[in-house]
Amino acid sequence: MITFLSYLCSGISLGSIYAIIALGYSMVYGIAKMLNFAHGDVIMIGAYICFCATQYWGMAPITSVVVAMVVCTLLGVVIERLAYKPLRAASSLAVLITAIGMSYLLQNSALLIWGANPKSFPSVVSIGSISLFDGQLLISGETIVTVLANIVIMIALTLFTGKTKLGKAMRVVSEDKGAAELMGINVNATISLTFAIGSALAAIAGVLLCSAYPALTPTTGSMPGIKAFTAAVFGGIGSIPGALIGGLLLGVIEILGKAYVSTELGDAFVFAVLIVVLLVKPTGLLGKKVHEKV
Amino acid sequence: MRKCEVTGKMKMSKKLRSNLITYGIVIAAFLLCQLALSGSIEGFKMSRSLKGQLVPICVYIVMAVSLNLTVGISGELSLGHAGFMSVGAFSGIVMSSWLVSAFQMENETLRLILAMLTGGAFAGLAGVLIGIPVLRLRGDYLAIVTLAFGEIIRNVLNCLYFSLDGANLYIGFNNPNLPGKVIVNGPMGATGVSKIATFGMGFALILFTLFVVLNLINSRSGRAIMAIRDNRIAAESMGINVTKYKMMAFVTSAVLAGMAGALYGLNFSTVTASKFRFDTSILVLVFVVLGGIGNIRGSVIAATVLTILPEVLRAFSDYRMLVYAIVLIVVMLATNSPLLFNLMEKCRTAAARFTRGHAKAQGKEGDAA
Amino acid sequence: MTQYKHKSDTKMVPVPSMAIVPERDIDKAPVLEARHLGIEFGGLKAVDDFNLTIGKTEIAGLIGPNGAGKTTVFNLLTKVYQPTTGTVLLNGKDTAGMNTVQANKLGIARTFQNIRLFSNMTVEENVRIGLHNQVKYGMFSGILRLPAYWSQEKKQHEQALDLLSIFDMQHMADVKAGSLPYGAQRRLEIVRALATHPSLLLLDEPAAGMNPHETEELMENIIKIRDKFQIAVMLIEHDMNLVMGICEGICVLNYGRVIAKGTADEIQQNPVVIEAYLGKQKEG
C-alpha cells in the first residue's frame with residue numbers, strides 16, 4: 001500500500017510536469033493549429049540555460065529559473081516569427097516539417113554548445129522532503145514544488161484566458177482568426193503572446209523535469225515533449241483543464257505501468273490508454289465535438 | 001466525340017510517360033551505381049561510406065514511396081511508418097534464420113526474397129490491426145495515434161525474445177530463458193544476423209514498389225482512394241466505401257514498408273528496435289514532404305538526395321546535422337511561404353514581360369524594315 | 001412545360017404536391033416515400049414531420065426561405081444524417097440503419113450546395129468516381145493490369161465521355177475539376193451524380209451562381225436528363241423561374257415544417273406561402 005502511494009506520488013509529480021508542457025502544446029495548437037514539435041526542445045534549452053546560470057554564472061536557483069524563462073520566451077517568439085509566421089497560409093504538413101526542422105536545429109545547436117555527455121543537473125528545489133507514515137512514505141521537495149507550480153500555473157492561466165482582455169483575445173483568435181482581425185484584435189501579436197507563454201512554461205517544465213530526473217542531454221526534451229503532446233490530445237486539445245487531467249493521468253499511468261506491469265512496456269501502456277480514449281471519445285476527454293457541415 | 005477520344009488517349013500516354021520517366025530514372029541510377037561499383041572507368045568510383053549507404057538508400061526510397069501512398073494519395077498523416085518497418089525487419093530476420101536452421105537453406109537470394117515476403121506479410125497484418133482503430137479518426141488525432149502505435153510496436157519488440165533449436169522456433173515475451181540459439185534478444189535486438197541484403201535486391205524492391213503504387217494510383221481503387229482524400233462526404237455519396245479504400249492504402253503501404261524493413265534488417269549484423277524510433281518515421285515523412293506530397297517520383301529523388309546529403313555534409317563534421325536542419329527549414333520556407341512565392345511570381349512575370357516586350361520591339365523593327 | 005391533364009378517373013400516384021399526377025407514372029411505385037421524417041439537433045427540431053412522395057419520373061421542387069431545413073432534408077434522404085423519427089423508403093425499400101454508401105447503391109445520388117468536387121482530379125476522373133460501382137475489377141487486377149483492367153477502363157472511359165456529353169463537356173475531360181468555372185463545376189457535379197445510375201437525383205441549388213442564360217440551359221438539361229434516363233429529380237432552388245418552370249410538384253418548407261404542397265400555380269397562389277416566402281420576395 002505504502003509502495004503504491006509512493007508510486008502514485010512520483011506519478012503525480014511526473015504528470016504535473018507533463019501537464020505544464022501539455023499546456024504549452026495545447027495553447028499553441030489551439031491558436032496556430034499546428035503541432036509544434038520544437039516545443040520539447042525548448043524545454044531542453046530552458047533546462048540548459050538554468051544549468052548554466054547556476055553552475056557557470058553563479059546565480060541563485062530562483063534567478064536562474066527566471067533567466068531560463070526569459071530566454072525561452074524570446075526563443076519561442078523568435079522561432080514563431082522566423083519559421084512559423086511565413087507559413088501561416090501553408091498546409092499543416094509544411095508547418096509540421098518546419099517544426100521538425102526547428103526541433104533538429106535546437107537539438108543540434110545544443111549538441112554543439114553543450115556536448116553529448118549528460119550534464120548532472122543540480123536540483124533548484126531547496127526545501128526538504130516530507131515523510132509520512134513514520135518515514136515509510138517520502139515525498140520529495142521536487143514533487144511538492146512541481147505539484148504546487150502546476151496548480152499555480154493552472155489557476156493563473158484559467159484566470160488569464162477567462163478574465164483578462166489579452167486572454168480573451170487569445171480565445172477569440174483560436175476560434176476564428178478572420179473574425180478576430182475584423183474585431184480589431186492584433187492576431188500576430190496574440191499568436192506571439194501564446195508562443196511566449198507556452199515557451200516560458202516550457203522553461204519551468206524543463207527545470208522541474210531535470211530537478212527530478214537530473215541527467216540533461218540535448219535529447220532530454222523530445223520524449224517528454226511527445227508524451228506531453230499525447231497528454232494534451234488525451235485531455236482534449238485546446239482545453240486547459242484537459243491538459244491538466246491528461247498530463248496527470250498520463251504520468252500516473254506511466255509510473256504505475258512501469259512499476260506493476262513492465263519497465264519495458266511503460267511507454268507502450270501510456271500510448272495504449274491514449275488510443276483507447278481516442279476511440280471512445282475521438283476528441284479527447286474534455287474536447288469539443290466538431291460537426292462537419294454538409 | 002472523336003476529338004475527345006484522342007485527348008483521352010493523349011492523357012493516358014502523358015501519365016504513362018511520367019511513370020516511364022520515374023522507372024527510367026531509377027534504372028539509370030542503378031546502372032550508374034553498378035558502373036561506379038565495377039570501377040571499370042578510371043576516376044569514377046564510389047566512396048566506401050557511400051557504398052555502405054546503397055541498401056539503406058533503396059530502403060528509404062521504398063519507405064518514402066509507401067508512406068506517400070498513405071500521406072499523399074490517401075491523405076492521412078501517419079507518424080508511425082517506422083513501426084511497420086521494424087515489424088518487417090524482425091520477422092524477416094527470424095524467417096531468414098529459421099530457413100537456415102530448419103532447412104539449411106544456403107541460397108541467399110531465395111532466403112532474402114522469402115524473408116522480405118514474410119516481413120511484408122507481418123507488417124501487413126500489423127497494418128490491418130492498427131488500421132481498424134486508427135482509420136476511424138481524422139487529421140491530427142490520426143497522426144498522434146499512428147505515432148502511439150509506432151512507439152507501442154517498438155516497446156513490444158523490446159520485450160520479444162526468439163530462439164531457434166533446429167526447426168523449432170521459440171518465442172518469449174519478457175522471458176529471455178529460451179532453449180537453443182538466441183536470435184532476437186529483447187532490448188539487445190537481433191544479433192549475429194547474416195547480412196544477405198544486396199543492392200540488386202534493393203533495386204528490385206524499388207521497382208516492385210513503384211509498380212504496385214503507380215499501378216494502384218492509376219486504377220479504379222486508386223481513384224477511389226484519392227476521391228476520399230479530396231472530399232470524403234462526396235465520395236461517400238458516390239457510393240464509395242471509405243473504410244475499405246482507406247484500409248487498402250494503409251495496408252498496402254504497411255506491406256511495402258515491412259518488405260523494406262526486412263531488407264534493412266538483413267543489411268546489418270545487429271539490429272535493435274531503437275533503430276526504428278519515431279525519428280525514423282519523421283525522417284521518412286520529411287522525404288515525402290520535400291519530394292512533394294502525392295508525387296511518387298519526388299519521393300524517390302528526395303529519399304536519395306537526403307540520405308546522401310549527410311554523407312556529403314561530412315565535410316562540415318560536427319555541423320552537418322545543424323546544416324541539415326537549416327536546409328530543411330529554408331527549403332520549407334522557400335517552397336511554402338507566400339512572401340517568397342509572390343516574389344518569385346513577380347520575377348517570372350517581369351521576365352515574361354521583358355521577353356515579350358523584346359519580341360514585340362523586334363517585331364516592330366521587322367515591320368518597319 | 002407542365003401540360004398534364006387532370007383525370008379524376010385514373011389511378012393516381014401521389015407526388016409531393018399530392019395534386020399533380022403525371023400519367024406516365026401511373027401504376028408505378030413511387031421512387032421515394034418519406035414518412036414523418038424528423039431530426040433534432042440538441043433539442044432543436046431542424047426538420048419535423050416531413051412527408052413526401054416522389055413519382056418514378058417526376059421533377060419535384062423543394063423550396064423555402066434560408067434556414068428552413070431544405071439541405072437537412074437532403075442529408076436525411078441521403079443518410080448523411082440519421083433521422084430521429086420517421087422512415088425513408090427508396091424504391092420501396094426501408095433505408096433505416098443504412099449509411100450514405102448504401103443509400104447511393106439503392107439509387108439516390110446528389111449534388112452539393114457548396115460544391116464538393118474532387119478538385120485535384122480531372123473532370124473525367126470525377127465522372128469515373130461516379131461510375132465506381134458500375135465498373136467491376138479489383139485491386140489486384142488493377143495493380144497487375146489483368147485483361148479485366150483494360151476492358152473495364154475502356155468501358156469506363158467511354159461511359160464517362162458519354163455522360164459528359166449531356167452538358168457538352170467532353171472537351172474538358174482532362175481539365176482539373178478545381179480549375180473549371182463555377183457553372184461548369186455545378187454541371188460536373190450533376191454528371192458525376194448521374195454516373196452512379198440513380199433512380200432519384202437530388203440537386204442542391206443547381207443554378208446558384210449561374211447567369212440567366214446558363215439557368216435556361218440547365219432547365220432544359222434537367223428535363224433532358226429526366227427523359228433520357230427515366231429518373232426522378234428533386235431540386236432545392238432559390239431561382240423561382242427555374243422552380244416554377246420545370247417542377248411538376250413543389251413542396252414548401254419553413255422552420256423545418258412543410259407549409260404547402262402543390263403545382264406551381266397552386267403554390268404561387270397559396271396565401272401561407274406568399275406570407276412566409278413569396279410575400280417578402282415577390283417573384284424571388
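I began with Tyr255(C), which counts as partly exposed with 15 C-beta neighbours inside 10 Å (buried means 20 or more other C-beta atoms within 10 Å, exposed 12 or fewer, partly exposed in between, with C-beta atoms placed from the backbone). Before going on, I noted that this is a predicted model, where local features need pLDDT of at least 70, side-chain atom pairs count only at pLDDT 80 or more, and totals for chains, interfaces and linings use all residues. Residues are numbered from 1 along each chain as its sequence is written, while chains are lettered from A and ligands numbered from 1 in the order in which they are written.

I found Tyr255(C) in the loop between β9 (249–254) and β10 (257–262) of chain C (helices are DSSP runs of H or I, at least four residues, and strands of E, at least two, numbered from the N terminus). Its phi is positive, near 50 degrees, in a residue other than glycine.

Next I looked up His197(C), also not a glycine, and read a positive phi of about 55 degrees. His197(C) sits in the loop between α6 (182–194) and β7 (200–204) of chain C.

Then I turned to helix α5 of chain A, residues 141–163. I listed its buried residues, among them Glu142(A), Val145(A) and Ile153(A). They pack against α1 (2–32), β3 (137–139) and α8 (187–212) of chain A.

Last, I checked confidence: chain C has a mean pLDDT of 85 (pLDDT is the predictor's confidence in each residue, from 0 to 100). I also noted ipTM 0.85 and pTM 0.86 for the model.

Conventions: Expected span 1.5 Å × (residues − 1). Contact = placed C-beta atoms within 7 Å.
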